[in-house]
Amino acid sequence: MSEVIVVGAGPTGLLLAGDLAEAGIAVTVLERRDDRISNLSRAFGVHARTLEQLDARGLADQLVPMGAALRRVRLFERVEVDLGALPSRYPYLLIIPQYNVEHLLLERALKAGVEIVYDAEVLEVGQDAIGVTVTTAHGAHRAAYAVGADGFHSAVRRALGQPFPGKSVLKSIMLADVRVAEQPAELLTVNGVGDAFAFIAPFGDGYHRVFAWDRLHSVPDDAPLTLDEVRDVARRALGTDFGMHDARWLSRFHSDERQVPHYRVGRVFLAGDAAHVHSPAGGQGMNTGIQDAANLAWKLAAVLRGAPDALLDTYHTERHPVGRSVLRSSGAIIRAAMIESAAGRAVRGFAARRALSVPKVREKVTGQLSGIGYHYPAPHGAHELTGARASDVPLAGGGRLYEALRDRRFVLIGDADVTGRQDRVNVVAPAVPGGPLVLVRPDGYVGWAGTDTTGLRQALDTLLGPVGSHQTGRP
């Protein structure tokens, strides 16, 4: 029997499953699709915080050469967000299709021993005091916990009876994969002129992905779409259609802003698009889901090995506010981009440029967009580092913190006794001596910081369970 069932083999589900398997947890992934990775995915950019998460898994160095780094993101007209000053090893947005990310995460999951069952559409989800049963057309699967990472139309969310409150923001968004006769001057070209909005970026295989929206023409998602319609909207929004031709894919979809009220329901959790969806503005969808998975995986592993069950409640406490923030920020971008009047667009541009000229505002905007600016709640009186994203500090003897995180253990920066927990806590020395002890969680956030070793022991008991409670091996 698996210890955890993950429903959905997209980037969120695969990172979660890979983390669990590398931590020694038996995990099964159920995927309703067949075993082919589609190149028709919507996600198109990997932000700095996600690249840091991939770095902590030894994957970023493989992914980065496949894409192109974009250090300045233009939101509309002359309004740009400069990512080049981010305090990260990855001060840019990596333009790369989702399927490249998915492929790396799939390879890692399989190497770690994850069982993936394809053509396994979920029909029912039931739970009791000791486990969860997930039923598909081909049989039932049993585990201690289950995670729904199965997207906007989540069968797990429906089975839980979880509402998905919100609304449709944009209807009849056009997607097209095309070749172009004229290469765009910018890596990512985007603009909105009131009644038309368009975005174009390279796939890396000779095709470009186009998003286009026409305020004046709203039709159902299944309405036929022609390349001529996409060209027309692109010309209005961008001033040119770049000679688009040979479309290999054309489709419509609608963009919603929705979020479930609870990320945890008993022994079942929701992550990624199953828990929250929002406009594509800012390219934060896949990134937020991957970071959900990084947060939840180590907590499931810890509880399955003896940590208090209450640790799992912190998944909702920490990630629900982030999801809500992404809904708000992406919604603000898309609403600003869609202002109709020329006067309104002029005011929009002036106000945005003025706001971004203020250092604290610029830091907050880039921190939210890239994902590196989020800080999780910390107990009253905790050290100021607690809950913060851990910087990739150099370590004594060479190496970096995020390299030390690659074995999915906690990392304690400093010198302290962790007897009884050596298999779960890696003690390292900083390259620059001094400063407090810093306990870094497997997801790269600070779980505790201070100088009091009694406080450290209490934090370890909360995050890992008391010494002697640790269970090893698979059932």
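**A walk through the predicted chain**

Ile-200 has Val-210, in strand β16, as its bridge partner. The model is a predicted one, in which local features need pLDDT of at least 70 and side-chain atom pairs count only at pLDDT 80 or more, while totals for chains, interfaces and linings use all residues. Residues are numbered from 1 along each chain as its sequence is written, and side-chain values use heavy atoms, with hydrogens and water left out.

Strand β15 and strand β16 (residues 208-214) pair in the antiparallel sense over 7 bridges; two strands count as paired if DSSP finds at least two bridges between them. Helices (H or I, at least four residues) and strands (E, at least two) are DSSP runs, numbered from the N terminus. Between β15 and β16 lie 5 residues of a hairpin, and Gly-204 in the turn has a positive phi of about 100°.

β15 also pairs with strand β14 (residues 189-192), again in the antiparallel sense, over 4 bridges. Here Gly-192 stands opposite Phe-197 in β15. The hairpin of β14 and β15 has 3 residues between the strands, and Gly-194 takes a positive phi near 105°. Of the 7 residues of β15 (residues 196-202), 6 are buried, so this strand is largely enclosed by the rest of the structure. Buried means under 20% relative accessible area, exposed over 50%, and partly exposed in between (1.4 Å probe, protein chains only).

A separate open sheet is built from 3 strands in the order β3-β7-β4, with antiparallel pairing. Its edge strands, β3 (45-46) and β4 (68-70), each pair on one side only. β4 is joined to β7 (residues 93-95) by 3 bridges, and Ala-69 has Leu-94 in β7 as its bridge partner.

Among the helices, α7 (residues 285-304) contains Lys-299. This lysine is buried, with a relative accessible area of 0%. Not counting residues up to four places away in sequence, Lys-299 touches Leu-311, Leu-312, Thr-314, Tyr-315, Glu-318 and Arg-441; a contact means heavy atoms within 4.5 Å.

Taken whole, the chain has 12 helices and 24 strands. Its radius of gyration is 23 Å, close to the 23 Å that the globule rule gives for 475 residues, so the chain is as compact as a globular protein of that length. That radius is taken over C-alpha atoms, and the rule is 2.2 Å times the number of residues to the power 0.38. Buried residues make up 56% of the 475 residues. Among contacts between residues at least 6 apart in sequence, 70% join residues at least 24 apart.
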